[in-house]
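Please read these notes with the model open beside you. Each point takes up one part of the fold.

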Amino acid sequence: MDWDQMKDRCPSAKFFGVAKLPGHKLVFSRKSVKRNCGVADAVADQDSDVWGVVYEIDDQEIGRLDDAEGYLPGRANNAYRREERRVLLNGDESKPVTATAYFATAEENPPRPNLAYKSQLLKGANHWGLPQSYIRDVLEAIETE
């Protein structure tokens with residue numbers, strides 16, 4: 001969700017909208033070597049939803065995003081998998097969009113996120129205007145190391 005990070009990774013990025021990924025829960029299932037902490041992932045959970053941001057990027061920049069996420073098509077052991085999901089723009093059932101997202105290959109006993117990473121998530125959520133209830137109840141409630 002961090003706009004500065006996205007523009008650095010994909011200069012063509014354009015904000016498309018805020019979206020809800022229904023039937024998923026925010027978890028921290030993998031350790032980032034670069035950040036030295038747990039990083040965000042979404043896993044199936046019919047009782048939860050994850051809110052985020054959808055960007056449009058040029059096709060030729062997908063490889064740059066794959067690199068940043070530790071995904072190499074055809075490699076057996078990727079840190080993340082690139083998959084399509086149906087999301088709802090502004091949480092509206094009448095506005096479904098197919099979006100591509102990265103889902104982590106979970107690790108055993110990953111660490112919690114650190115305060116800097118949590119702050120980055122909150123910065124992006126506030127910048128794009130995610131629902132205040134989600135920011136308060138989910139993102140602000142993240143326990144850090």
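**Notes on the sheet, the helices and the pocket**

1. β3 and β4 form a hairpin with 6 residues between them, and N90 in that turn has a positive phi of about 55°. Strands here are DSSP runs of E with at least two residues, and helices are DSSP runs of H or I with at least four residues, both numbered from the N terminus. The model is a predicted one, in which local features need pLDDT of at least 70 and side-chain atom pairs count only at pLDDT 80 or more, while totals for chains, interfaces and linings use all residues. Residues are numbered from 1 along each chain as its sequence is written, and side-chain values use heavy atoms, with hydrogens and water left out.

2. Among the partners, E84 is bridged to T100 in β4, R86 is bridged to T98 in β4, and E83 stands opposite A101 in β4. Strands of a sheet pair through backbone hydrogen bonds, either parallel or antiparallel.

3. How many bridges pair β1 with β3? There are 2, in the antiparallel sense; two strands count as paired if DSSP finds at least two bridges between them. A19 has L89 in β3 as its bridge partner.

4. In helix α2 (residues 62-69), L65, D66 and E69 are buried. Buried means under 20% relative accessible area, exposed over 50%, and partly exposed in between (1.4 Å probe, protein chains only). Seen down the axis of α2, the buried residues fall within an arc of 105°, so they line one face of the helix; the arc is that of the directions from the helix axis to the C-beta atoms. These residues pack against α1 (3-9), β3 (80-89) and β4 (96-104), where contact means heavy atoms within 4.5 Å. After α2 comes G70, with a positive phi near 75°.

5. A79 is in the loop between α2 and β3. Is A79 buried or exposed? A79 counts as buried because its relative accessibility is 17%. Leaving aside residues up to four places away in sequence, A79 touches R30, E69, G70, F103, A104 and T105. The C-alpha atoms of A79 and F103 are 8.5 Å apart, although 24 residues separate them along the chain.

6. The largest pocket is lined by 50 residues, of which M1, V53, E69, A101 and Y102 lie nearest its centre. β2 supplies the largest share of this lining, 11 residues.

Note on methods
On a 1 Å grid over the protein atoms alone, a cavity is a set of points where a 1.4 Å probe fits but cannot get out, and a pocket is an open set with protein on both sides within 12 Å along at least five of seven lines; lining residues have an atom within 4 Å of a point.
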